[in-house]
Amino acid sequence: MQDTATDPVREAEFLAHLDAGGKVESGDWMPDTYRRMNIRFIEMHANSEIMGALPEREWIARAPSLRRKRSLAAKVQDEVGHAHLIYRVAETLGKPRTEMYEDLIAGRGKFHNVFHYPTYTWGDVACIGFLVDGAAIVTQQALLGTSYAPYVRVMKRVVAEESLHYRHGEDILLALASGTDEQFEMLQEAVNRWWTPIMHFFGTDVPREEDPSIRWGIKPRTNEESRQEWLSQYVPKLWDVGIELPDPALRYDVEAATWRYTEPDWDELAELVKGDPGPTTVSRLEARQLLHRHHAWVHEIITGDRVPTAA
Amino acid sequence: MATFEVFGRRKFDDPLTHVGALHAADAEAALLLARETHFRHDEGVDFAVVASDDLHRLADPTLLERRVDDGYRQQRGYSGFRDKRQAARDAADARGLGHVREQPTPRSGAAS
């Protein structure tokens, strides 16, 4: 059993170690706060990989060609693989994997806002594959600088696979952008739908010194730094192919080297992730519960354990 | 004496990599010997030993063969992006949306 007692002297030493760029291994002594915050963050990341695979999975059967069907299926497999790698990291901090699974299917586990929304057309698949995944890549690349060493090692592998997903997403987006007027409209409408969720994805602009995740060496970059990075990488690519963004205030301020935009409605985000779950959240969780029940026999054969199936 | 396989990590963010094998009476002795044989010149930040008998290798190498063309799982499955981007730009121009790209971006900022 690890000593997790709160000890102000050791805690100060630990924070000094983090400030000096020091890393933490799973067996090392760590303050309760550090362990708790890391579990919450990493578990939410793993949940998001699983829940993020579901909207794309919905489109495997409806993909417009065999090639797209196979690449989408391969991508879904990658995302589920990422979830397993990341759940393993959360486990090294002391929360059993079965407990995380149960929390997720019971609706207690948190996952990223972008996976609470419905998909209507193949244009949504382009947006998830390129823009939403792009936002994930920006934040995951920043995580290569997190302080928990087992997480860094796993993120190196995940980020390498994400570069393939980036290509996959861009390929779908360019096909729609250079297609018929109807395909172009489909893409433009989907971009309009995904704009606010992506602005929300990065979180509110919390100053570096006030963000506990930064203080505790979990996130190396502020929310706003990540959002600016995404805007710089992705907005010009959309503009280049004639796609407009639904924020009239959006512009790059060359003098200040900063993107200006309309502040999204943060209450909407709070409602989505904390309040009553929306219809898509409910149906996605039901899909997750259904898969969990249907696959219980596989778990039983492989592990010899009984799988709790009550949601 | 038993045989132990030695694994080391060069930097904290590297995976454990096989670096060699040695004979030792037990795991504790193997760790000491591994330190002397493989890690006495700052070769890494972490290492581990495992009894060779506990290492199970892939018995059937055909499991690694590709049954079908699965280029879609790899970068090489996606190519010709320069042409695809140009086609999308041309399409935007044909739709009268070429002006959308005429806005300042970090790149234009750097150019000025």
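This is a predicted model: local features need pLDDT of at least 70, side-chain atom pairs count only at pLDDT 80 or more; totals for chains, interfaces and linings use all residues.
**View 1. Overall fold of chain A.** Chain A contains 12 helices and two strands, arranged along the sequence as α-α-α-α-α-α-α-α-α-β-β-α-α-α. Its radius of gyration is 20 Å, close to the 19 Å given by the globule rule for 311 residues, so chain A is as compact as a globular protein of that length. Along the principal axes, the C-alpha atoms of chain A fill a box of roughly 65 × 60 × 35 Å. Buried residues make up 39% of the 311 in chain A. Of the contacts in chain A with a separation of 6 or more, 72% join residues 24 or more positions apart.

**View 2. The largest nonpolar core.** This core has 71 residues, and those touching the most other members include Ala126(A), Val132(A) and Leu187(A). Elements that each supply at least two residues include helices H2 (32-57), H5 (122-142) and H6 (149-177) of chain A, and also H2 of chain B. H5(A) gives the most, 11 residues.

**View 3. Surroundings of Ala126(A).** Leaving aside residues up to four places away in sequence, Ala126(A) touches Gly169(A), Ile172(A), Leu173(A), Leu176(A), Leu187(A) and Ala190(A). A second, separate core of five residues includes Phe4(B), Val6(B), Ala34(B) and Val49(B).

**View 4. The side of chain B that touches chain A.** Here 28 residues of chain B are in contact with 29 residues of chain A. Helices H2 (81-94) and H3 (106-111) of chain B each supply at least two residues of this side, and the largest share, eight residues, comes from H2(B). By class, this side of chain B has 13 nonpolar, seven polar and eight charged residues.

How values were computed:
Residues are numbered from 1 along each chain as its sequence is written. Chains are lettered from A and ligands numbered from 1 in the order in which they are written. Two residues are in contact if their C-beta atoms, placed from the backbone, lie within 7 Å. Helices (H or I, at least four residues) and strands (E, at least two) are DSSP runs, numbered from the N terminus. Ala, Val, Leu, Ile, Met, Phe, Trp, Tyr, Cys and Pro count as nonpolar, Asp, Glu, Lys and Arg as charged, and the others, Gly among them, as polar. A nonpolar core is a set of buried Ala, Val, Leu, Ile, Met, Phe, Trp, Tyr and Cys residues joined through C-beta atoms within 7 Å. A residue is buried if 20 or more other C-beta atoms lie within 10 Å of its own, exposed if 12 or fewer, and partly exposed in between; C-beta atoms are placed from the backbone. The radius of gyration is taken over C-alpha atoms; the globule rule is 2.2 Å times the number of residues to the power 0.38.
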